[in-house]
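I am opening my notebook beside this chain, and you are welcome to look along with me. My plan is to go from single residues to the whole chain.

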Amino acid sequence: ELEEPLTNGEEVTVGLVDEAGNKSPEVGATAPDTTAPEAPTAEFNEDGSEVSGTAEPGSTVQVKDKDGNVLGTAEAD
């Protein structure tokens with residue numbers, strides 16, 4: 001158990017050492033990302049045909065109409 005949980009995609013390295021001092025190969029593990037991203041920014045271009053803005057890198061951005069129908073999807077970089 002960790003004294004303080006890792007919950008935001010932090011990476012750790014895990015290895016073993018036996019009683020004789022022999023070391024295993026190390027492996028990586030990534031903690032789950034349990035923190036919701038902050039709200040994105042969004043604005044239309046002049047003719048209303050494009051929405052642009054900012055969002056957490058790697059997050060999926062969805063543009064929806066007033067009824068909740070998805071009009072477009074993109075991955076933020």
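**Entry: a word I need before starting.** When I write "strand", I mean a DSSP run of at least two residues, labelled E and numbered from the N terminus. I also note that this is a predicted model.

**Entry: Ser-59.** Where does Ser-59 sit? I found Ser-59 in the loop that runs between strand E4 (51-52) and strand E5 (60-64). Then I looked for what the side chain reaches, and I found the backbone oxygen of Glu-56 at 2.6 Å. Setting aside residues up to four places away in sequence, I listed Ala-74, Glu-75 and Ala-76 as the residues that Ser-59 touches.

**Entry: Pro-37, and Glu-56 again.** I placed Pro-37 in the loop between strand E2 (27-30) and strand E3 (43-44). Pro-37 has a relative accessible area of 45%, so I call it partly exposed. Glu-56 came back here: its C-alpha atom and that of Pro-37 are 6.2 Å apart, although 19 residues separate the two along the chain. Glu-56 is also the residue whose backbone oxygen the Ser-59 side chain reaches.

**Entry: Ala-31.** I stayed in the loop between E2 and E3, where Ala-31 lies too. With a relative accessible area of 15%, Ala-31 is buried. Which residues is Ala-31 in contact with, leaving aside neighbours within four places in sequence? I noted Leu-6, Thr-7, Gly-9 and Glu-10. I also looked up Asn-8, which is 23 residues from Ala-31 along the chain, and their C-alpha atoms are separated by 6.4 Å.

**Entry: a nonpolar patch.** Together with Leu-2, Val-12, Val-14 and Val-27, Leu-6 makes a nonpolar surface patch of about 390 Å². The relative accessibility of Val-12 is 33%, so it counts as partly exposed.

**Entry: charges.** Side chains of opposite charge can pair when their charged atoms come close. How many salt bridges does a search of the whole structure find? I got 1. The partners are Asp-67 and Lys-66, whose closest N and O atoms are 3.9 Å apart. I checked the cover of both. Asp-67 has a relative accessible area of 59%, which means exposed. Lys-66 comes to 80%, so I wrote exposed for Lys-66 as well.

**Entry: the whole chain.** I stepped back and counted 0 helices and 6 strands. Read along the sequence, the pattern is β-β-β-β-β-β. The radius of gyration is 21 Å, well over the 11 Å that the globule rule gives for 77 residues, so the chain is more spread out than a compact globule. The C-alpha trace spans about 70 × 20 × 20 Å along its principal axes. What share of the 77 residues counts as buried? My answer is 4%. For contacts between residues at least 6 apart in sequence, I noted that 15% join residues at least 24 apart. Last, I looked up the accessible surface: about 6900 Å², with 48% of it belonging to carbon and sulfur atoms.

Terms used: Residues numbered from 1 in each chain as written. Heavy atoms only, no water. Helix = DSSP H or I, 4+ residues; strand = E, 2+ residues; numbered from the N terminus. Polar contact = N/O pair within 3.5 Å; in protein donor to acceptor, adjacent residues only side chain to side chain. Contact = heavy atoms within 4.5 Å. Salt bridge = Lys/Arg side-chain N within 4 Å of Asp/Glu carboxyl O. Buried < 20%, exposed > 50% of the residue type's maximum accessible area, 1.4 Å probe, protein only. Patch = residues over 30% accessible without salt bridge, like charges linked within 9 Å, V, L, I, M, F, W, Y side chains within 5 Å. Areas by Shrake-Rupley, 256 points an atom, 1.4 Å probe, with all protein chains shown as cover. Rg over C-alpha atoms; globule rule 2.2 N^0.38 Å.
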